[in-house]
Amino acid sequence: MIYLMSYLLKVSLRENAIVLDFFSGSATTAHAVMKLNAEDSGNRKFIMVQLPELTDENSEAYKAGYKNICEIGKERIRRAGKKVKEEAGLHAQNLDVGFRVLKLDSANEKEVKRTPSEVPVEQGLFDAMLDDMVENIKEDRTSEDLLFQVLPMCNLPLSCKIETKEIDGKCVFIVEEGYLIACFDNNINETVITEIAKMQPYYFIMRDSSLATDNVADNFDQIFNAYSKDTIRRIL
């Protein structure tokens, strides 16, 4: 099957094509793409889509720890990438066999819309509802969740290069060599904002509640205007 898939990909697609498989199963297509790239030095990419269908509890896969088909596919891509590079030798030492695993989920933002009948009458409940609206991001979401939400907003692919840098104790994401810079930590001070502005990103994105004080918020635009006035600044 691998050789058949590689042949079909070779005769039908360019060397820099993106291969999409909506029923990826155990990721045979991904294996074939990596094998073909190793053979002709191509730069094809793959997108594998698979529902997390559960494996049979009596199957060997389940006993080996793979509870659904997606887990099998991920492990196969890891092993196939390693094997393809070993078999190709020096010719494919720079072959990119890395991949990212993303899962569909609900929005990161809280649902704040309410009908009149849903607004609590009691003062204590009303105050609690207002406190809940201060932070608009769901509590169980990570900085990585927020980052992958904003990548498409900035016209960036989910496979783009992402690096991290610590600035004054805060985690800063540097995407595509600084095209996008994002920081979703709390209590961001002027030192962090200044260092980011000096990098002159095309986009800068942070959370609505990220800035440490009102004073930092007041100086935010002034700092960027001083070091990178053309940076597009967005708030989640």
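Predicted model: local features only at pLDDT ≥ 70, side-chain atom pairs only at ≥ 80, totals over all residues.
Student: Which residue does D140 meet in a salt bridge?
Tutor: The two side chains come to 3.1 Å, N to O.

Student: How many residues apart in sequence are the parts that the pair R233 and D221 ties together?
Tutor: R233 and D221 form a salt bridge, with their closest N and O atoms 3.1 Å apart. R233 lies in strand 7, residues 232-235, while D221 lies in helix 8. The pair therefore ties together parts of the chain whose separation in sequence is 12 residues.

Student: Is R233 buried, partly exposed or exposed?
Tutor: Buried means under 20% relative accessible area and exposed means over 50%. R233 stands at 24% relative accessibility, so R233 counts as partly exposed.

Student: How are helix 7 and helix 8 oriented to each other, roughly parallel or roughly antiparallel?
Tutor: Helix 7 covers residues 190-198 and helix 8 covers residues 214-227. Their axes are 9 Å apart and the packing angle is about 20 degrees. Angles under 35 degrees count as roughly parallel. Helix 7 and helix 8 are therefore roughly parallel.

Student: Is the crossing of helix 2 and helix 4 left-handed or right-handed?
Tutor: The axes of helix 2 and helix 4 (residues 69-88) come within 9 Å and cross at roughly 20 degrees. That makes the two helices roughly parallel to each other. The crossing of helix 2 and helix 4 is right-handed.

Student: What separates K35 and E39 along helix 2?
Tutor: These residues form a salt bridge, with the closest N and O atoms 2.3 Å apart. K35 counts as buried at 16% relative accessibility, whereas E39 is partly exposed at 45%. Because K35 and E39 are four residues apart in helix 2, the separation is about one helical turn.

Student: How far apart in space are A38 and D56?
Tutor: A38 sits in helix 2, residues 28-40, and is buried, with a relative accessible area of 8%. A38 and D56 are 18 residues apart in sequence. From C-alpha to C-alpha, their separation in space is 34 Å.

Student: What is the accessible area of the nonpolar patch that includes I47?
Tutor: I47 is found in strand 2, residues 45-48, and is partly exposed at 44% relative accessible area. I47 forms the patch on the surface with I18, L20, F22, F23 and V49. Together they have an accessible area of about 650 Å².

Definitions and conventions: Residues numbered from 1 in each chain as written. Heavy atoms only, no water. Patch = residues over 30% accessible without salt bridge, like charges linked within 9 Å, V, L, I, M, F, W, Y side chains within 5 Å. Areas by Shrake-Rupley, 256 points an atom, 1.4 Å probe, with all protein chains shown as cover. Salt bridge = Lys/Arg side-chain N within 4 Å of Asp/Glu carboxyl O. Buried < 20%, exposed > 50% of the residue type's maximum accessible area, 1.4 Å probe, protein only. Axes fitted to C-alpha atoms, helices over the stretch in contact; angles between N-to-C directions. Parallel < 35°, antiparallel > 145°, perpendicular 65-115°, else oblique. Left-handed = near helix turned anticlockwise from the far one by under 90°.
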